[in-house]
Amino acid sequence: MARRSSPRLHPQIHASRRATSPVESASLPDVDDLLREILSRLPPQPSSLPRASAVCKRWLGLVTDPQFHRQLRDHHGKPPLLGIFELGTTRIVFKPLLNPPECIPSRRLDLGRYSQRWHYDLLDSRHGLVLVKDLNQNQVVVWDPITGHHRCLAVPSELKMDNLGGAVLCAAGDPFKVVLVSMATSANQPLACVYSSKTAIWSNPMSAEAPRQFSGQFSDTGVPPTLIGSALYWLSKSDLMLKFDLDKHILAAISVPPVTDGTYYRNRRIIQAEDGAIGYAILSYPSFQMWQMNVNGQGVATWLPSKTIDDMHTFLGHPSQIGDVLGWLLGYDEDTDEIFVYVRPNVYGVQLKLMQSRKLHETSCVNPYYPFKSFYTPGDCSTLVLIF
C-alpha cells in the first residue's frame with residue numbers, strides 16, 4: 001500500500017506548486033529549519049519521534065541530529081515520565097507507567113549486566129541517566145538506558161563505598177555531573193565530591209560539620225536524593241539529612257522534623273514544599289503528614305506542619321479500614337511533586353499540591369521506585385539522547 005502523505009507534515013510540497021520570484025525565495029526560511037520547528041512541536045510521547053523518523057530519510061536525519069534534540073528540549077522543557085526503575089531483590093528492573101501505545105517494553109530499557117543486584121546497586125535516576133554503584137569495584141557507573149552508553153568512574157579514596165549516596169545531573173544537555181556523599185574513611189564526618197564530564201576529574205572532598213555524632217547511612221536506603229532548586233538533599237537513617245549546594249559547593253547537615261521516631265526510614269521523603277521551600281513527608285499509615293522548613297531573617301530554620309491526612313485509606317478510595325493495613329512510600333517525582341504509595345495490591349500516584357490520587361497498577365512487590373524521564377528515540381534515533 002502506498003504511504004499516504006499528510007499536508008500538515010509536508011509543507012514543502014505545497015510551497016513548490018507555484019513559481020516564486022528570487023526576492024520571495026530569499027525571504028523563505030530554510031526548509032530543514034522549518035521542518036525542525038514543526039517536528040519539535042510534536043507531542044513528547046515515546047511514539048512521536050519514531051513515527052516521524054519513519055516518514056522518509058530526510059526526517060530520520062533531522063530527528064537524529066543533536067541540534068534538533070536541543071531544540072526539542074527547549075520547546076518542551078522537562079521530558080515525560082516514561083516509567084520507574086524498581087530496586088528488586090535480584091534485579092534492577094524498568095517498569096513502564098504509560099498506557100499503550102506509549103508503553104515502552106521493560107526489555108528496551110534494560111540495564112544489561114548492571115541490573116544484577118548482587119553486583120550493582122541503584123543510587124539515582126535523573127535527566128535521562130541512571131547512576132549505579134559497583135559493589136565489587138571501587139566505582140560508580142553512569143548509564144544512559146536509551147542509548148546504552150555508559151561511563152565508569154572510580155570513586156575517590158576518601159569516600160566509603162559501603163556507605164555511599166549519589167546523584168547524577170545532566171540538565172539541558174550540558175555535560176553531566178555526579179555528586180557522591182559518604183562518611184569519610186578516616187573520620188566520622190560526611191564528605192561530598194563532584195565529578196564533571198567536562199573536566200573528567202573529581203573535585204577535592206568537601207566536608208560538613210555535623211551538629212553531633214553523625215551515623216548517617218545512605219547506602220541500602222532505597223531512597224534517592226531530592227533536587228530542590230540548586231541543592232541536593234539526601235535522607236539518612238538518622239535524624240539528619242545532608243544538603244549539597246550545587247552552586248556554592250557547600251555540604252551541610254540539617255535536622256529533620258522531630259516526629260520521625262518509630263517511622264520506618266523508607267516511609268519518609270524529602271519533598272519540595274510551597275514556593276520552593278524544603279518539605280518533609282512522613283507516612284505512618286493511615287496517617288500522612290507534610291512539614292515545611294521556614295528560615296527566619298537570622299538564618300534560623302524551624303520545621304512547621306503544613307498538611308495532614310488522617311485517613312489515607314479513605315483518601316485513596318478504599319472502604320473503611322478493617323484490620324491492619326500497611327502503606328509504603330515507594331518513591332517521589334520532584335518535577336511533578338508526586339509520591340508513589342503502595343497499599344496492597346495497588347500502587348497510587350498522589351499529587352501533593354493538588355492532593356489528588358490516581359491508581360497506577362497492581363503489584364505484589366514493595367520495592368523502591370526511581371522515576372525515569374527522557375525523550376524516547378529508539379532504533380537509529382538513539383543517538384539523539386546523549387553523546388558522552
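# Questions on cut-offs

Biologist: The lining of the second largest cavity divides into seven nonpolar, two polar and no charged residues. What makes a residue nonpolar, polar or charged?

Modeller: The residue type decides. Ala, Val, Leu, Ile, Met, Phe, Trp, Tyr, Cys and Pro count as nonpolar, Asp, Glu, Lys and Arg as charged, and the others, Gly among them, as polar. The lining consists of Leu42, Pro43, Pro44, Gln45, Ser48, Leu49, Leu72, Phe375 and Tyr376. Gln45 and Ser48 therefore fall among the polar types.

A word on the source: this is a predicted model, where local features need pLDDT of at least 70 and side-chain atom pairs count only at pLDDT 80 or more, while totals for chains, interfaces and linings use all residues. Residues are numbered from 1 along each chain as its sequence is written, and side-chain values use heavy atoms, without hydrogens and water.

Biologist: What makes a space a cavity?

Modeller: On a 1 Å grid over the protein atoms alone, a cavity is a set of points where a 1.4 Å probe fits but cannot get out; lining residues have an atom within 4 Å of a point. The whole structure has two cavities of 30 Å³ or more.

Biologist: Why is the pair of Tyr114 and Tyr120 called edge-to-face?

Modeller: Rings of Phe, Tyr and Trp (its six-membered ring) pair if their centres lie within 6.5 Å; planes under 30 degrees apart count as stacked, over 60 as edge-to-face and the rest as tilted. By this rule there are nine aromatic pairs. Tyr114 and Tyr120 lie 4.9 Å apart, centre to centre, with 70 degrees between the planes. So they pair, and the pair is edge-to-face.

Biologist: Why is His127 called partly exposed?

Modeller: Buried means under 20% relative accessible area, exposed over 50%, partly exposed in between (1.4 Å probe, protein chains only). His127 has 33%, so it is partly exposed. Ala200, at 47%, is partly exposed too. Tyr114 and Tyr120, by contrast, are buried.

Notes
1 Å grid on protein atoms, 1.4 Å probe; cavity = no way out; pocket = protein on both sides within 12 Å on 5 of 7 lines; lining within 4 Å. Points joined across faces, edges and corners; volume = space filled by probe spheres on them.
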